[in-house]
Amino acid sequence: MTISGFLESFSFPELLRLIDLGSKSGRLILQVRSAPNNSELLGLYHIWFREGRLVTVINRSNYQSLIAQIESRGWLSQFISQKLKHLCLPEIPLGSYLEEKKLLTEQQLDSLFQTQTAQVYQLFEVPVGCFLFHEISFQSNSDKKRRIPWLEMTGKSIRAIEISLNALRLQQNWDIFADQLPESSYALTKLVGQPYCKLIPLEWQLWELANGQISLKAIAGKINQPLLKVQKAALSLIMAGLVDEMPIVYTPSSTKYTSDRVSRSLMQISSSNTVLTTTKNRQRHQTDRLNISFLKAVVNFLRSKFG
Amino acid sequence: MEILKIGITGTVGAGKTTFVRAISEIEVVDTERVARDETALIKTTTTVAFDFGRLTLNSGQILHLYGTPGQFRFDFMWDILIPNVHGYVFLVDTSRPQNFRASRRLLNYMKQKTQTPLIIGLTHTDCQGAWQPEDIALTLGLVDSNTRPPIIKVNATNSHSVAQCLILLVEQLLKTDFNVI
């Protein structure tokens with residue numbers, strides 16, 4: 001299965017959230033066609049995910065293999081590096097293999113993985129590009145398995161939505177996400193019981209106030225922070241899959257009364273158009289109850305007339 | 001007189017007006033106006049109040065269809081229409097990822113405003129680049145497949161397909177006790 005589109009219409013954080021929440025495995029090909037602030041970002045990226053977690057990044061335009069990176073840091077001799085290039089790993093990441101053989105430490109692998117993920121953080125600055133995600137199983141015995149780049153993997157991984165959270169905290173150019181910022185009149189609601197990672201103080205304040213009842217504007221006032229800053233932090237939490245934006249439902253009141261009157265009038269207009277409205281019908285609105293037999297009759301009618 | 005009121009909602013260009021027109025027995029009472037904002041990039045006219053269609057089962061039983069506007073600036077019409085229907089179809093154009101964000105916002109809006117049963121109708125599924133139902137569900141925030149509303153592909157120009165969609169919604173109403181006696 002594939003997913004394709006343009007970053008202009010479906011942003012990178014949205015894509016990462018989709019991959020994470022869907023626990024997807026496979027390769028995301030991202031072509032950066034415009035990077036006004038950093039032309040070095042232009043090119044083709046292959047980003048690999050396993051069950052919603054990023055496992056490696058390969059910059060096809062400025063390719064430096066994981067082995068070359070290890071070699072350039074002087075962590076392995078050229079002799080061993082050459083051997084590794086022809087090694088047929090038994091479907092485990094190169095990093096895990098080297099750690100198991102005591103050739104690299106966990107800290108060294110962390111450092112290598114950070115170098116890989118740093119490229120992804122930069123991609124949040126990219127406004128224009130196209131993407132194609134191929135689902136590829138890491139478990140199946142299909143031929144596609146051969147394409148999995150075990151030699152480019154450190155054995156480390158990070159949740160796709162955690163990347164978004166980290167990247168958006170560092171984001172400088174918010175123009176890219178301006179139309180994604182949540183409405184100031186909307187509230188936040190929690191999507192999970194507890195955050196899966198450590199939140200910074202502002203995010204934590206938003207998390208605690210994410211009860212579906214307080215607008216972002218009110219939150220900004222309550223915690224004495226600029227609204228825009230609150231909206232940015234809220235977007236980070238939304239893209240991290242922790243909260244969602246929701247309109248606030250006002251229950252009381254004259255507004256509802258007016259709305260009900262208007263709605264009844266409109267429904268009557270449509271009904272009177274059918275010349276079938278009765279006085280009793282005019283008095284009924286959202287509390288109308290339906291008979292099961294009527295619903296079954298509708299199903300039969302639709303089947304017979306349009307089946 | 002028994003009247004089953006069904007809402008058809010979704011973002012701009014999802015196929016709401018087409019859906020109602022495909023199955024209504026009467027000339028749809030519409031409020032189409034020339035689109036003058038960004039909607040004009042998608043289509044020439046847009047619904048500004050609502051579309052009304054009807055199907056008569058017999059002299060005592062009728063089905064009403066109410067198509068809502070798709071633009072957020074007409075959200076007052078959503079508030080008026082959706083809480084007053086017995087169930088609604090939420091249409092998503094699967095070939096327009098640029099509308100998924102708005103679809104998610106609109107769906108959140110609807111779910112927050114009413115507990116009315118709904119189903120998700122996926123349109124334009126035969127278009128190039130159309131996304132799969134599972135991916136659409138995730139973009140709409142419907143992560144748990146056990147609790148999400150039913151999802152069906154629908155060709156809004158085809159009366160048979162539209163009828164299948166409506167049948168699924170009515171079956172959903174039968175499964176719930178919401179407004180059913």
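1. How many of the 8 residues of strand E3 (residues 43–50) of chain A are buried? The count is 6, so strand E3(A) is mostly covered. This, like everything below, is read from a predicted model.

2. E3(A) has pairing partners in two strands of chain A. With strand E2 (residues 26–34) of chain A, E3(A) forms 7 bridges in the antiparallel sense; in that pairing A:Gly43 is the bridge partner of A:Val32. With strand E4 (residues 53–59) of chain A there are 6 bridges, again antiparallel, and A:Phe49 stands opposite A:Leu54 of E4(A). E3(A) and E4(A) make a hairpin with 2 residues between the strands. One residue of that turn, A:Glu51, has a positive phi of about 50°.

3. A separate point concerns an open sheet of chain A, in which 3 strands are ordered E8-E7-E9 with antiparallel pairing. Strand E8 (211–215) and strand E9 (243–246) are its edges, each pairing on one side only. On average, neighbouring strands of the sheet are turned by 30° against each other, direction ignored. Between E7(A) and E8(A) there are 2 bridges, and A:Ala187 stands opposite A:Ser215 of E8(A). Helix H9 (residues 227–239) of chain A lies across E7 and E9 of chain A and runs at about 120° to E9(A).

4. Within this sheet, A:Thr189 belongs to strand E7 (residues 187–190) of chain A. Is A:Thr189 buried or exposed? Its relative accessibility is 17%, and the cut-off for buried is under 20%, so A:Thr189 counts as buried. Apart from neighbours within four places in sequence, its contacts are A:Ala210, A:Gly212, A:Leu242, A:Val243, A:Asp244 and A:Met246.

5. Helix H12 (residues 292–306) of chain A has 15 residues, which at 1.5 Å a residue should span 21 Å; the end C-alpha atoms are 21 Å apart, in agreement. The buried residues of H12(A) are A:Phe294, A:Leu295, A:Val298, A:Val299, A:Phe301, A:Leu302 and A:Phe306. Viewed down the helix axis, these buried residues fall within an arc of 160°, so they line one face of H12(A). In general, an α-helix has 3.6 residues a turn, so residues three or four places apart point the same way. On the other side of H12(A), A:Ser293 and A:Ser304 are exposed.

6. What covers the buried residues of H12(A) in chain B? The cover includes strand E1 (2–10), helix H1 (16–23), strand E4 (51–58), strand E5 (61–67) and helix H5 (159–175) of chain B.

7. Two of those covering elements, H1(B) and H5(B), also pack against each other, at an angle of about 100° and with their axes 9 Å apart. That angle makes H1(B) roughly perpendicular to H5(B). The contact involves B:Phe19, B:Ala22 and B:Ile23 from H1(B), and B:Ser159, B:Val162, B:Ala163, B:Cys165 and B:Leu166 from H5(B).

8. Helix H3 (residues 100–113) of chain B has 14 residues and reaches 20 Å from its first C-alpha to its last, close to the 20 Å expected at 1.5 Å a residue. H3(B) is mostly covered, with 10 of its 14 residues buried.

Terms used. Residues numbered from 1 in each chain as written. Chains lettered and ligands numbered in written order. Predicted model: local features only at pLDDT ≥ 70, side-chain atom pairs only at ≥ 80, totals over all residues. Heavy atoms only, no water. Helix = DSSP H or I, 4+ residues; strand = E, 2+ residues; numbered from the N terminus. Expected span 1.5 Å × (residues − 1). Buried < 20%, exposed > 50% of the residue type's maximum accessible area, 1.4 Å probe, protein only. Arc of directions from axis to C-beta. Contact = heavy atoms within 4.5 Å. Pairing = 2+ DSSP bridges. Axes fitted to C-alpha atoms, helices over the stretch in contact; angles between N-to-C directions. Parallel < 35°, antiparallel > 145°, perpendicular 65-115°, else oblique.
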